[in-house]
Amino acid sequence: RIVVAAAFVFAAVQKLRALPAMRAQLEGFGVPASLVGASVAVLPAAELVTAAALVALPRSSVPPFVAVGLLAVFTGAVIGNLSRGRHPPCPCFGAGASDAPISARTVVRNGWLLALAVVATGSIDGADPLPVLGLTVLLGAATAWLVATVR
């Protein structure tokens, strides 16, 4: 949950830092013009609320399922563009984060985050804190590396 929450916070902050560019990037990504304005406002807010809920509601399965849904939609949009032969820059981690076009590597990165969100749907009851902390650090490092290098 913590790793997925951190990824959502990072993505939202990057989007908020590059709001003017995000509008054009969403249009280039294929978001209908009538939905671009709302998407610019809703995407970072949805990511921040989901991240907060993942951390604040550790016993609820709702926040991880919301994260799975968001990541599935994001990944579906990437796959949809790729299937049409389109390779626009990904607004995934903010319009200013990368001008690199989407590729199969983007699907792999999003798939990793989606897998972590699926794992987060599990119960924390009976979890031993030390191994969980170690696993969180390891998964966090792997996720940070993937987000930074796999575009």
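Reply: A helix here is a DSSP run of H or I with at least four residues, and helices are numbered from the N terminus. By that reading, Thr75 is found in helix H4. The model is a predicted one.

Me: How many helices and how many strands are there in the protein chain?

Reply: Read along the sequence, the protein chain follows the pattern α-α-α-α-α-α. The count for the protein chain is therefore six helices and, by the DSSP runs, zero strands.

Me: Of the 151 residues of the protein chain, what percentage count as buried?

Reply: A residue is buried when its relative accessible area is under 20%. Of the 151 residues in the protein chain, the share that passes as buried is 37%.

Me: Among contacts between residues at least 6 apart in sequence, what percentage join residues at least 24 apart?

Reply: A contact needs heavy atoms within 4.5 Å. Taking the contacts in the protein chain between residues at least 6 apart in sequence, the part that joins residues at least 24 apart is 71%.

Me: Is Thr75 buried or exposed?

Reply: Thr75 is found in helix H4. Its relative accessibility is 8%, and the cut-off is under 20%, so Thr75 counts as buried.

Me: Which residues is Thr75 in contact with, leaving aside its neighbours within four places in sequence?

Reply: The C-alpha atoms of Thr75 and Asn110 are 6.0 Å apart in space, although the two are 35 residues apart in sequence. With neighbours within four places left aside, the contacts of Thr75 are Val107 and Asn110.

Me: How far apart are the end C-alpha atoms of helix H1, and what span should its 16 residues have?

Reply: Helix H1 covers residues 2-17. The expected span is 1.5 Å times one less than the number of residues. For the 16 residues of H1 that should come to 22 Å, and the end C-alpha atoms agree, being apart by 22 Å.

Me: Why does Ser39 count as buried, and what is it in contact with?

Reply: Ser39 has a relative accessible area of 17%, and it is buried because the cut-off is under 20%. Leaving aside neighbours within four places in sequence, the residues in contact with Ser39 are Met22, Leu26, Val31 and Pro44.

Me: What is the relative accessible area of Glu47, and which residues does it touch?

Reply: Glu47 lies in helix H3. The buried residues of H3 include Glu47, along with Val36, Val40 and Leu43. Not counting residues up to four places away in sequence, Glu47 touches Phe8, Ala11, Ala12, Lys15, Phe74 and Cys92. Glu47 is buried, with a relative accessible area of 2%.

Me: Which helices are included in what covers the buried residues of H3?

Reply: Glu47 in H3 touches Ala11, among others, and Ala11 lies in helix H1. Ala11 is itself buried, with a relative accessible area of 3%. What covers the buried residues of H3 includes H1, helix H2 (19-29) and helix H4 (62-83).

Me: Which element gives the most to the lining of the second largest pocket?

Reply: The second largest pocket is lined by 28 residues, with Phe29, Leu43, Val73, Phe74 and Ala77 nearest its centre. The elements that give two or more residues to this lining are H1, H2, H3, H4 and helix H5 (104-120). With seven residues, the element that gives the most is H4.

Me: How many residues of that lining are nonpolar, polar and charged?

Reply: The second largest pocket holds about 470 Å³ of space. Its lining residues divide into three charged, five polar and, for the nonpolar group, 20.

Notes: Residues numbered from 1 in each chain as written. Predicted model: local features only at pLDDT ≥ 70, side-chain atom pairs only at ≥ 80, totals over all residues. Heavy atoms only, no water. Buried < 20%, exposed > 50% of the residue type's maximum accessible area, 1.4 Å probe, protein only. 1 Å grid on protein atoms, 1.4 Å probe; cavity = no way out; pocket = protein on both sides within 12 Å on 5 of 7 lines; lining within 4 Å. Points joined across faces, edges and corners; volume = space filled by probe spheres on them. Nonpolar A, V, L, I, M, F, W, Y, C, P; charged D, E, K, R; others polar.
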